[in-house]
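Q: I am new to this structure. Please show me how to read it, one feature at a time.

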Protein chains: 2
Amino acid sequence: MFPYAAPVRDMNFVLSELLSHESLSLPAFSDISPDLVDAVLEEAAKLASDVWAPLNASGDRQGCTRRDDGGVTLPDGFIEAYRAYAEGGWNGIGVSAELGGQGLPEVVATSVQEMLHGANMALGLCPMLTAGAIEALAHHGSDGQKALYLDKLIEGSWTGTMNLTEPQAGSDLSRVRTRAIPCEAVEGDFYRIFGQKIFITWGEHDASDNIVHLVLARTPDAPEGNKGISLFLVPKLLVNPDGSLGERNDVVCASIEHKMGIHGSPTCTLSFGEKEGAIGFLVGELGRGLNHMFTMMNEARHKVGVQGIGVAERACQHAFSYAAERSQGRMPNTRGGEPCVIAEHLDVRRMLLSMRARTDALRALALYCAALLDVARHHADEDQRRSAQARVDVLIPVVKGFSTDQAVDIASLGIQVHGGMGYIEETGAAQLLRDVRISAIYEGTNGIQALDLAGRKLQMDDARTMSSLLDEVKATAAQMKDSPDLALLAEELAAGAEDLRVCVAKVLEEGRDSQSGQDAVQAYATPLLSLAGHVLCAWQMGRAALQAQQAVDAGSDDDFYRRKLTSADFAIRQWLPVGRAQRQVIEAGMQCLAAFTVTRES
Amino acid sequence: MFPYAAPVRDMNFVLSELLSHESLSLPAFSDISPDLVDAVLEEAAKLASDVWAPLNASGDRQGCTRRDDGGVTLPDGFIEAYRAYAEGGWNGIGVSAELGGQGLPEVVATSVQEMLHGANMALGLCPMLTAGAIEALAHHGSDGQKALYLDKLIEGSWTGTMNLTEPQAGSDLSRVRTRAIPCEAVEGDFYRIFGQKIFITWGEHDASDNIVHLVLARTPDAPEGNKGISLFLVPKLLVNPDGSLGERNDVVCASIEHKMGIHGSPTCTLSFGEKEGAIGFLVGELGRGLNHMFTMMNEARHKVGVQGIGVAERACQHAFSYAAERSQGRMPNTRGGEPCVIAEHLDVRRMLLSMRARTDALRALALYCAALLDVARHHADEDQRRSAQARVDVLIPVVKGFSTDQAVDIASLGIQVHGGMGYIEETGAAQLLRDVRISAIYEGTNGIQALDLAGRKLQMDDARTMSSLLDEVKATAAQMKDSPDLALLAEELAAGAEDLRVCVAKVLEEGRDSQSGQDAVQAYATPLLSLAGHVLCAWQMGRAALQAQQAVDAGSDDDFYRRKLTSADFAIRQWLPVGRAQRQVIEAGMQCLAAFTVTRES
């Protein structure tokens, strides 16, 4: 298994050269210098590469086991690695200083997340879920709840979970049946929770002193559907008013799942209320549980996209390492005819460059989105905040859906580079595919992401935000046109932007039809998301190319910039065209999907 | 886990309506009627669905274990399932009657293979490898070897293996180091084999009475490279002149691999000559081992493509079953607004139709190729045989490379249809991806297939055979144009054919360059294979559409034909465009690949 090296230089390129460290100009970050950012990334890289990454393969092999006492044993070393992370203060880096976090910009937190997921995705899920719980409580918790729970969650001595899914309620959470019975008349200001939740990530473990479950449940007499669902906080161990830990709550891990990957992450079925009912506290308003969840879902979805990118980066590194040392075949005669490593074969190089170019592009887009999150949260001007948030809203489903779809493909290509060795588990390439495959499914399947983009985010403002993004894409293309070396790229990028504009217009128009509108949005959602992902990623690589070309023109002989130019060339001229084909797919219409009735047998 | 139902109707559609049972008009099959073919398929379907398929999941879970005595224990039921297959006479169905087989056409044997791999790919590998050994001996074995080994292999009481790979010799077999020391002066007319082979499929097991290993090895003083390699027959148990089994040969299973999938197939490291040297018999000519291997490799590659299609079919069936019964979300208001199964959502239907259309198309192409194999072997006219063989040669890398690449994607989409359940191993969808992933790697990685197409098969005759295929594609498109319902499809198909023509010409031309020719072929090989696969598959679906439209126009109300029309519509108008984008990829040139030097770190 090849080691993992956090891609600090690549991240710095995006943060400083593509994003010009814009986040640092926000008032909230006035005391943060680029040097500090560098230092943070270097430190995080050590944690990721030295502490987390070495446990990735053993965690997969060993997996988690549920003990007879209902507890879950994590793979060897996971508790220590988690504690090293928490004690290093990493859990709070993206949390604002007012809440007790370190208040670093989202662009920095995102970079650190990418490293950690690249190092050990199964372990990275634990803080990822905790971050969701922190968000939920910070936005919707009462002062008392914040006082009791937030500090512990932010310092990482307690972890958090999201309890949404039930067997009959997956993508469709309106079907949640878990019950929450109010007890104020009898017992106190809380609810008793009864029900079963499945697919609960890090639902039970001993890495933290307590686990704070956030649970969607339905109160008695609540209306059917979404509006009957509320959000509850259910601690594993009850918390005394002074913050000390009390009795065990009535929630147990009934089983853990046998999954394709992320074996080091305990995916639990949790039973609430097998005895007297689990004690739960209402978070936010009654009946607004789904809304409260969705507040944080945007950011959780961004994190899943970043997770995909982390694994894609690791797949690149494995493939490059292997290709650079595996000797097989010979150079073409004109290049010497000698035995050579497989990286010399242009067919293998195509795979490597495709992996690298796409990973570069996905990272640039995810960090661009993170920078917008910083503006949306912290800019002094409300209009600026609002327009940044609008862009974030449009970009999130792309970052989540497109990055993870691509990451699955990149990980699969990583196996392919290894040939037969890639299929052997000890090599480590297969694990990356098995692990990352879930990222296209959870936190809203990528189909749900596509519907979110086509059905919600674009419709919300008649695609005005997307149009403004496309104007920037075209402006970048125009700028590239002035550079002779980038003229061909400029043309392709502009054409891609135009394809996306046309398709967005079509989806909006057909989506308005009172008869077939909903079907149209469904039918076109996935190709539209793919097209948008390709165009926006190509745009980022266009910006990277401008930057790199400038450095080269200024006389830089840093190979880094020439590699970025190559990466951009591939992304725009050899990857974008495949995405642009989605325009034909959309223009082919939805008739054949509508005509295709499905039976079990067909 | 959903059951598997062999797709007999779909196969019959291809055999009887697309291929008009042409194979049955060959003299070798004069006594075989369409009814007999039907009966064979129905019987095979029973074996596949009732005997093999139920062991697929348990075989994956249980896997194979190497015992301390060096033997390998197969998953429960595998021995019995293999014996049911052998005793049913299935092992010989594709083997000619002269050799003692049942002499059924390759189109029929291929259909049966697809069923068996769809039912249980890990088990299907055992007869697949045996078929290779039969081919090798039938073509290159001495009369004595044929007499001793062929009958047993054909009846399936012995199985065969292919021993090619060594740690340093994978795609590049010229690096084989296993030694074969001639003993005729001292011991007898055989060789002593010393060396280690890896990745030997079904290299050790107790399902058969004996195992016949075919081994590539190098004789002393043989020239370096390919021409020093010969092919040897090394039986696990030595065979006495009367055919009875003798002593154990000096070959042992040193270990079995821990793989991503096909856990029910024992992938062995075999050690030859740990003691006195394994006794091996030269097959064919000295120094022509690789050539002899390649004789049968074409057909083995066809089989691997078919294997991919079998798993893709099963993935379709799982996904359709799940989507037709999983209730989640609601109908659009205009369709009632009621809770509905996910197959009602057009986004899910896009996934299902994409899986189905591609599987239909891949099957049609693989069976078209099988029909050409029948002609190439059995037609009375030599010109006909030769031109069919030329087409087979061009099609094989497409059937192998494109079918398996697509099968990987189809299996992954099958997981996606299942949402979170798809990631849980018990569901069975993940196993299909884990299993089929190897098909894109073994029997020549898909990169090797692409090089075979672009670098060998097209160059051999200046792409004349491909041109003649493209003429047929265009003729089909012209025919479709006459049918108003197929006119749009016709246009797209013709455009795809033109793209392929242009790209083939470019690859041929740049490939001729004495400086950069070899690099050019490498650079364009994979996109060219993808384009060729899309166009040829779309062609088959065009032919299917013509057939189905004819039936509908003639008044058929069989839903089967309407589904085929939908499948063809999707394949040609929503899948082919993605493939056509490979023209842009090829036209983007190879500069960025050439410029992209690879280091371990990059």
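Q: What is the area buried between chain A and chain B?
A: Buried area is the accessible area (1.4 Å probe) that two parts lose on being put together, summed over both. In this predicted model, chain A and chain B bury about 8600 Å² between them. Carbon and sulfur atoms give 56% of that area.

Q: How are the residues and chains labelled, and which values count?
A: Residues are numbered from 1 along each chain as its sequence is written, while chains are lettered from A and ligands numbered from 1 in the order in which they are written. Local features of this predicted model need pLDDT of at least 70, side-chain atom pairs count only at pLDDT 80 or more, totals for chains, interfaces and linings use all residues, and side-chain values use heavy atoms, leaving out hydrogens and water.

Q: What is the mean pLDDT of chain A?
A: pLDDT is the predictor's confidence in each residue, from 0 to 100. For chain A the mean is 96, and 99% of its residues reach 70 or more. The model's ipTM is 0.98 and its pTM is 0.98.

Q: How many residues of chain A are in contact with chain B?
A: Contact means heavy atoms within 4.5 Å. Here 97 residues of chain A meet 96 residues of chain B.

Q: How many salt bridges are there between chain A and chain B?
A: A salt bridge puts a side-chain nitrogen of Lys or Arg within 4 Å of a carboxyl oxygen of Asp or Glu. The count between these chains is 2. One of them pairs Asp519(A) with Arg335(B), with the closest N and O atoms 2.9 Å apart.

Q: Which helix gives the most to the side of chain A that touches chain B?
A: Helices (H or I, at least four residues) are DSSP runs, numbered from the N terminus. Helix α15 (residues 559-587) of chain A gives the most, with 13 residues.

Q: Where does Ala463(A) lie?
A: Look in the loop between α11 (446-460) and α12 (464-481) of chain A. Ala463(A) has a positive phi of about 65°, although it is not a glycine.

Q: Is Ala463(A) buried or exposed?
A: Buried means under 20% relative accessible area, exposed over 50%, partly exposed in between (1.4 Å probe, protein chains only). Ala463(A) is buried, at 3% relative accessibility.

Q: What is phi of Glu443(B)?
A: Phi is near 55°, a positive value in a residue other than glycine. Glu443(B) sits in the loop between α10 (429-436) and α11 (446-460) of chain B. Glu443(B) is partly exposed, with a relative accessible area of 24%.

Definitions and conventions. Helices (H or I, at least four residues) and strands (E, at least two) are DSSP runs, numbered from the N terminus.
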